[in-house]
Amino acid sequence: MNSYVNTAVGALLGTIFVLMSVSIASEGIFHSEAPEKEGFAIVAEEAPAAGGEAAPAVAVPIAQLLASADAKAGETVFKKCQACHDATKGGPNKVGPNLFGVVDRPVASHAGFAYSAPMKDFSKGGSEKWTFEYLNKFLLAPKKDVPGTAMGFAGLAKDQERANVILYLHTLADSPVPLPDPNAATQ
């Protein structure tokens with residue numbers, strides 16, 4: 001073999017050795033452990049199987065769910081929403097509108113927020129309100145309930161989680177509207 005080939009092969013092997021050494025050293029220096037608990041899980045919406053039906057509409061009436069709901073647990077679940085929504089009185093709009101006083105507020109009516117056209121259509125000119133029933137249905141699957149909405153959240157599939165969040169939102173008002181009577185619900 002000629003000396004140029006030996007030099008090239010030596011340079012290649014030397015480069016590989018240096019890169020491997022740097023990789024091993026950096027792994028040791030910058031190694032990070034997996035967190036004990038995830039911040040929150042992002043749930044992706046799954047398409048129904050071929051020939052299958054989409055998820056059924058809300059089966060349990062919200063009045064019955066609210067009777068056993070826990071606002072403190074709803075506050076914990078609401079942390080998923082805080083990336084896009086603020087819920088403090090007089091707080092700012094973020095990617096989504098401020099949610100203080102949202103229960104029984106007209107849909108797409110929070111001042112200073114630019115709602116998407118589908119959400120404005122859904123509001124029927126402000127005649128629709130965020131009732132307990134509407135919130136329950138919307139939070140189940142926002143994109144299915146209002147097709148084309150800018151809200152990218154997949155929804156809360158668990159009935160009790162939705163009820164907890166709705167009860168928590170209910171507490172965020174100067175004078176909360178009365179909760180629906182669970183015995184009068186006949187859905």
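Trainee: Taking buried to mean under 20% relative accessible area, exposed over 50% and partly exposed in between (1.4 Å probe, protein chains only), which residues of helix 7 are buried?

Mentor: The buried residues of helix 7 are Arg 162, Ala 163, Asn 164, Val 165, Ile 166, Leu 167, Tyr 168, Leu 169 and His 170. Keep in mind that this is a predicted model, in which local features need pLDDT of at least 70 and side-chain atom pairs count only at pLDDT 80 or more, while totals for chains, interfaces and linings use all residues. Residues are numbered from 1 along each chain as its sequence is written, and side-chain values use heavy atoms, with hydrogens and water left out.

Trainee: And what covers those buried residues?

Mentor: The cover includes helix 2 (62-67), helix 3 (71-77) and helix 5 (132-140), where contact means heavy atoms within 4.5 Å.

Trainee: How many helices and strands are there in the chain?

Mentor: The chain has seven helices and zero strands, both taken as DSSP runs numbered from the N terminus (helices are H or I, at least four residues; strands are E, at least two). Of the 187 residues in the chain, 28% are buried, and among contacts between residues at least 6 apart in sequence, 53% join residues at least 24 apart.

Trainee: Back to helix 7, what should its 13 residues span?

Mentor: The expected span is 1.5 Å times one less than the number of residues, so for helix 7 it should be 18 Å, and the end C-alpha atoms, at 19 Å apart, agree with that.

Trainee: Changing topic, how many salt bridges does the count come to?

Mentor: The count comes to six, a salt bridge being a side-chain nitrogen of Lys or Arg within 4 Å of a carboxyl oxygen of Asp or Glu. One of them joins the side chains of Glu 75 and Lys 72, at 3.6 Å from N to O. Glu 75 is partly exposed at 33% relative accessibility, whereas Lys 72 is exposed at 59%.

Trainee: Where do Glu 75 and Lys 72 sit relative to each other?

Mentor: Both are in helix 3, and because they are three residues apart, about one helical turn separates them. An α-helix has 3.6 residues a turn, so residues three or four places apart point the same way.

Trainee: Which salt bridge does Glu 161 form?

Mentor: Glu 161 pairs with Lys 80, the closest N and O atoms being 3.8 Å apart. This pair links distant parts of the chain, with Glu 161 in helix 7 and Lys 80 in the loop between helix 3 and helix 4 (117-122), 81 residues apart. Lys 80 is partly exposed, with a relative accessible area of 24%.

Trainee: And what about Asp 174?

Mentor: The side chain of Asp 174 meets that of Lys 89 in a salt bridge of 2.9 Å, N to O. They are 85 residues apart, Asp 174 lying in the segment after helix 7 and Lys 89 in the loop between helix 3 and helix 4, and both are exposed.
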